[in-house]
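The report below is meant to be read beside the sequence and the coordinates. It takes up one chain's fold, then the contact between the chains, and then some local details.

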Amino acid sequence: MTRVFISRDTVSVALGADEVAEAFVHAGAEVVRTGSHGLFRIEPLVEIETAQGRIGYGPVDPEDVGKVLDATHPHRLGRIADLPFFASQQRFTFARCGAIDPVDLDDYAAHGGWAGLDTARALQPGEVVAIVKASGLRGRGGAGFPTGIKWQTVLDAAGPEKFIVCNADEGDSGTFADRMLMEGDPYCLIEGMAIAAHAVGAGYGYIYIRSEYPSAIATMREAIRRSADRVAPFTLEVRVGAGAYVCGEETALLESIEGKRGQVRAKPPLPAIAGLFGKPTVINNVLSLAAVPFILAEGAEAYAAVGFGRSRGTMPVQLAGNVKNGGLYEIGFGVTLGDLVERIGGGTESGRPVRAVQVGGPLGAYFPPSMFHLPFDYESFAAAGGLIGHAGITVFDDSVDMARMARFAMEFCAAESCGKCTPCRIGSTRGVEVIDRIIATLPSPLVGEGGAKRRMRGSEVRDTSECPPHPSHAFPLPQGEGESQITLLRDLCDTMKFGSLCALGGFTPYPVLSALDHFPEDFGGATALPVAAE
Amino acid sequence: MGASAYLDAIRRLMPRETDTRGALLPLLHGLQEEFGYIDDALVPHVAEALNLSRADVHGVVTFYHDFRRRPPARHIVRLCRAESCQARGGNAIEQAAIERLGTSMGGTRADGEVALEAVYCIGLCATGPNAIINGKIVSRLDGPKLDRLLEQVTA
């Protein structure tokens with residue numbers, strides 16, 4: 001019987017993979033549901049097992065089954081690993097994603113699974129921590145704090161009870177690597193958590209998954225059930241969020257697991273000292289924990305050999321938004337932003353010029369193409385006024401209105417603020433109002449001249465349909481009002497940045513200020529000077 | 001709904017291990033799944049079952065976007081409003097849905113049948129604009145596709 005591999009990743013399913021799989025079953029094929037390889041342009045992807053290996057076809061419609069089976073389908077892609085998109089990657093964490101049946105324990109073991117855990121359990125906890133330190137692994141969820149140091153703190157903390165918490169509250173727009181890994185290779189995360197548990201002496205772990213990821217929740221629960229004996233005495237549990245973005249912040253997440261409102265805690269104490277239920281707690285992102293099995297199995301040096309500067313190893317980069325080859329691309333740090341967007345991403349899907357890319361989710365900075373020379377690395381991005389965050393890259397074409405995006409950032413912060421600290425709670429609402437006043441000073445998109453030139457760029461139809469005219473357009477504000485409001489906005493951002501308790505209020509200024517700095521023409525200012533010479 | 005139905009449900013949905021810590025969110029999820037929303041009348045029973053104050057439970061129910069305090073509309077259309085979907089024409093889809101359904105974002109149609117809600121990212125950021133329509137995730141929305149889907153919902 002012909003064996004056929006079809007992804008059950010949410011993206012593939014949303015694009016019709018279930019119907020395609022059903023059609024193959026009807027045609028008498030044996031269908032194995034895998035995760036996605038991460039090039040969404042070719043989903044639903046069908047791979048047929050042949051003597052030459054798996055041959056891919058995609059995208060495939062349910063009515064094309066016959067053509068795929070007799071190898072006459074026009075979307076024949078050959079071996080997926082040979083496609084340029086995949087051939088240029090270094091897949092440490094996502095090596096199995098797309099290849100295996102996610103919850104098949106034998107498949108996992110046959111593809112190198114559990115080697116890291118077996119290595120770790122043959123070592124003393126301190127030795128495991130030393131290996132993670134030597135690998136240079138830094139937190140893949142945001143700020144890039146060294147993972148090994150965090151583990152060392154928990155290992156050294158006194159107490160009979162410790163916890164491993166996985167932050168799977170991947171709420172940033174433009175990021176989906178956590179979801180893909182949990183849906184496509186859940187044992188990799190489980191193994192990483194079991195290694196962490198051995199390294200610090202924890203017996204119980206929680207995976208906090210956002211409720212917007214029902215498929216990831218179901219897959220993780222099934223995988224936890226099936227692997228319970230393998231990871232025992234370590235025990236795992238899934239906790240489901242309830243639609244609060246701020247719970248991606250580690251201390252808010254701990255509060256939420258404890259059954260409280262997801263409000264941030266002031267630090268110190270660090271969660272490593274007094275975390276979940278007041279106990280020493282390792283809290284890491286999905287990608288940080290999922291990187292650990294490779295490090296233990298292949299050695300710290302193999303991991304650290306890849307990367308750039310102090311950013312070691314690989315980063316699963318997520319190419320999102322208006323981009324042709326959108327998807328997951330795992331590569332060592334150091335590749336330039338332009339390479340990621342233009343060469344690998346293929347530019348915009350709309351075919352229009354790229355105007356802005358937001359890196360690191362809704363709290364990340366917007367960069368213009370003149371900054372595409374930036375190497376993808378924590379320090380370089382920080383120096384350029386941005387952050388890598390969870391490595392989501394959202395591409396916008398030239399129809400984007402950056403004043404509107406800046407307003408959206410403030411609006412999002414206002415909607416999602418936990419309310420505990422004033423700069424975030426009130427500052428974000430004031431921020432929306434100030435940006436509204438700035439927009440009100442601008443000539444209306446349809447009647448303006450001169451300064452409105454930029455706002456006229458792109459599609460006029462889009463301007464009318466997507467940007468309901470602000471009510472204040474009818475009441476033009478005094479000359480110079482825009483400028484003073486921009487000063488006020490910068491001042492407000494400064495207050496939020498340095499006065500907020502957590503990253504939500506503290507980082508919202510990144511998208512706002514970068515939009516102002518790099519796209520002043522959208523706020524009624526002079527065109528930005530190219531900064532390519534930097 | 002009578003108090004006894006609530007007490008039954010709470011007993012049934014309570015995490016099996018009595019020492020399970022932080023049981024409030026799992027319990028509320030379970031109750032919402034069962035009743036469709038968290039009735040204010042449930043709050044004192046939940047508080048008592050978990051040895052919390054009513055204010056604690058009320059605070060949690062009202063903090064999280066997922067928990068509803070009223071019965072939901074029969075059909076729920078959730079549109080992604082986040083940046084990646086905006087970059088792919090999400091704003092036009094949002095406007096079209098608002099016009100088509102005759103309700104605002106966050107509102108329910110006059111007949112109470114269809115609600116239009118915002119969601120901020122469902123993790124399909126390269127194939128947007130995305131929506132969750134009655135629990136089913138749909139990707140690469142355009143005008144005609146949206147029309148077809150809403151027709152099924154509003155028929």
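What is the order of the strands in the open sheet of chain B? In this predicted model, the four strands of that sheet are arranged as β2-β1-β3-β4, and their pairing is mixed. Because β2 (114-119) and β4 of chain B stand at the edges with a single partner strand each, one side of each is left without a neighbour in the sheet. From one strand to the next, the twist averages 20 degrees.

The pairing of β3 with β4 in chain B can be followed residue by residue. Strand β3 (residues 131-133) of chain B is joined to β4(B) by three bridges, and the two run antiparallel; B:A131 stands opposite B:V138 in β4(B). Helix α7 (residues 143-154) of chain B packs on the sheet, where it touches β1 (75-80), β2, β3 and β4 of chain B, and the direction of this helix makes about 155 degrees with that of β1(B).

Taken as a whole, chain B has seven helices and four strands, which follow one another along the sequence in the pattern α-α-α-α-β-α-α-β-β-β-α. Along the principal axes, the C-alpha atoms of chain B fill a box of roughly 50 × 35 × 25 Å.

**The interface of the two chains**

Contact between the chains involves 39 residues of chain B and 63 residues of chain A. Together the two chains bury about 3900 Å², of which 55% is on carbon and sulfur atoms. Three residues, B:R21, B:F63 and B:E83, supply 19% of the area that chain B buries against chain A, more than any other three residues.

One of these, B:R21, also takes part in a salt bridge, its side chain meeting that of A:E161 at 2.8 Å, N to O. Three salt bridges are found across the interface of chain B and chain A, along with 25 residue pairs in polar contact, both residues of each pair being at pLDDT 80 or more. On the side of chain B that touches chain A, at least two residues each come from α2 (24-35), α4 (54-63), α5 (83-86), α6 (90-101) and β4 (136-138) of chain B. Sorted by class, this side of chain B has 19 nonpolar, 14 polar and six charged residues.

**Salt bridges and backbone details**

Over all chains the structure holds 42 salt bridges, including one between A:D185 and A:R96, whose closest N and O atoms are 2.9 Å apart. A:D185 lies in the loop between α9 (177-184) and α10 (186-200) of chain A, and A:R96 in the loop between α4 (84-87) and α5 (105-110) of chain A, so this pair ties together parts that are 89 residues apart in sequence.

Most residues other than glycine have a negative phi, and most peptide bonds are trans. Against that background, B:N51 has a positive phi, near 60 degrees, and is found in the loop between α3 (43-50) and α4 of chain B.

Technical notes
Residues numbered from 1 in each chain as written. Chains lettered and ligands numbered in written order. Predicted model: local features only at pLDDT ≥ 70, side-chain atom pairs only at ≥ 80, totals over all residues. Heavy atoms only, no water. Contact = heavy atoms within 4.5 Å. Buried area = accessible area lost by both parts, 1.4 Å probe. Salt bridge = Lys/Arg side-chain N within 4 Å of Asp/Glu carboxyl O. Polar contact = N/O pair within 3.5 Å; in protein donor to acceptor, adjacent residues only side chain to side chain. Nonpolar A, V, L, I, M, F, W, Y, C, P; charged D, E, K, R; others polar. Pairing = 2+ DSSP bridges. Axes fitted to C-alpha atoms, helices over the stretch in contact; angles between N-to-C directions.
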